[in-house]
Amino acid sequence: MRKATILGKPWKASETVVAAGQCLCGAVEIEIETPARWAWHDHSGATRRAHGAAYATYVGSWRRRFRVTKGQADITRFQDEATGTIRSFCARCGTPLVYERARSAHMVNIPRALFPGRTGREPHYHIAIDQLQDWTYLGEPLVPLKGYPGVVWTRPTRNSTRKKRGTVQTRNV
Ligand SMILES: [Zn+2]
């Protein structure tokens, strides 16, 4: 607990800036005190499957700065016996909520996408970049798909950048 004072007045919890987030169905709500400890993109196979997505972006928070503010009873957990990692998710809608790693007992990692607002950290770091999938969208130019309003696509070219870069690419993004 922080003991800081401002102009001699006792520190109040209301002065802490929090970032609040929730799962898809809204049963679970969480919050962290900002700024988050760090943020990164995780390209590992385990996280890819757990999220059903090309990769997941996490914000890491000290455990003591993280709270479940609603829906604790709706949270269920999966422990990976091989690695000791624990992934918690909403039992109603399946949204991944917390990723805990055995090596970092004091940290909890939360999908960045759960927070509509700012968390105080930019995701400058990548884990398992060697597992980046060649179908991951990386910001290639997009053009409208004729006849399908709202759909854009990457127009194939003879010298596709995707073919050139292979499964691993290291350009700055
Ligand atoms: Zn939910």
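Pro35 is found in the loop that connects strands S2 and S3; strands (E, at least two residues) and helices (H or I, at least four) are DSSP runs, numbered from the N terminus. A cis peptide bond, with omega at about 0°, links Thr34 to Pro35. The structure is a predicted model, in which local features need pLDDT of at least 70 and side-chain atom pairs count only at pLDDT 80 or more, whereas totals for chains, interfaces and linings use all residues. Residue numbers start from 1 along each chain as its sequence is written.

The confidence of the predictor in each residue is given as pLDDT, on a scale from 0 to 100. The protein chain has a mean pLDDT of 88, and 83% of its residues reach 70 or more. Residues 1–6 have pLDDT below 50, and this stretch has six contacts in the model beyond near neighbours in sequence. A contact requires that the C-beta atoms of two residues, placed from the backbone, lie within 7 Å. Over residues 169–173 pLDDT also stays under 50, and the model has three contacts for them beyond four places in sequence.

An open sheet of three strands is arranged in the order S1-S2-S5, with antiparallel pairing. Strand S1 (18–22) and strand S5 (66–70) each have a single partner strand and stand at the edges, so one side of each has no neighbour in the sheet. From one strand to the next the twist averages 25°, where axes are lines fitted to C-alpha atoms (for helices over the stretch in contact) and angles between N-to-C directions run from 0 to 180 degrees. Pairing of two strands requires at least two bridges between them in DSSP. S2 and S5 run antiparallel and are joined by four bridges, and Glu29 stands opposite Lys70 in S5.

Strand S4 (residues 56–62) pairs with strand S3 (residues 38–42) through five bridges in an antiparallel arrangement, and Trp40 is opposite Tyr58 in S4. Five bridges also join S4 to strand S9 (residues 107–111), again antiparallel, with Ser61 opposite Val108 in S9. S4 is mostly covered, as five of its seven residues are buried. A residue is buried if 20 or more other C-beta atoms, placed from the backbone, lie within 10 Å of its own, exposed if 12 or fewer do, and partly exposed in between.

The largest nonpolar core has 20 residues, of which Tyr58, Leu97 and Ile110 touch the most other members. Strands S2 (29–33), S3, S4, S7 (86–90), S8 (96–100) and S9 each give two or more residues to this core. Such a core is a set of buried Ala, Val, Leu, Ile, Met, Phe, Trp, Tyr and Cys residues joined through C-beta atoms within 7 Å. Residues up to four places away in sequence aside, the contacts of Tyr58 include Trp40, Tyr99 and Ile110. Leu97, in strand S8, is buried because 24 other C-beta atoms lie within 10 Å. Leu97 and Asn109 are 12 residues apart in sequence, and their C-alpha atoms are 8.4 Å apart in space.

Ala128 lies in the loop between strand S10 (125–127) and strand S11 (143–144). Although not a glycine, Ala128 has a positive phi of about 60°. Ala128 counts as partly exposed because it has 15 C-beta neighbours inside 10 Å.
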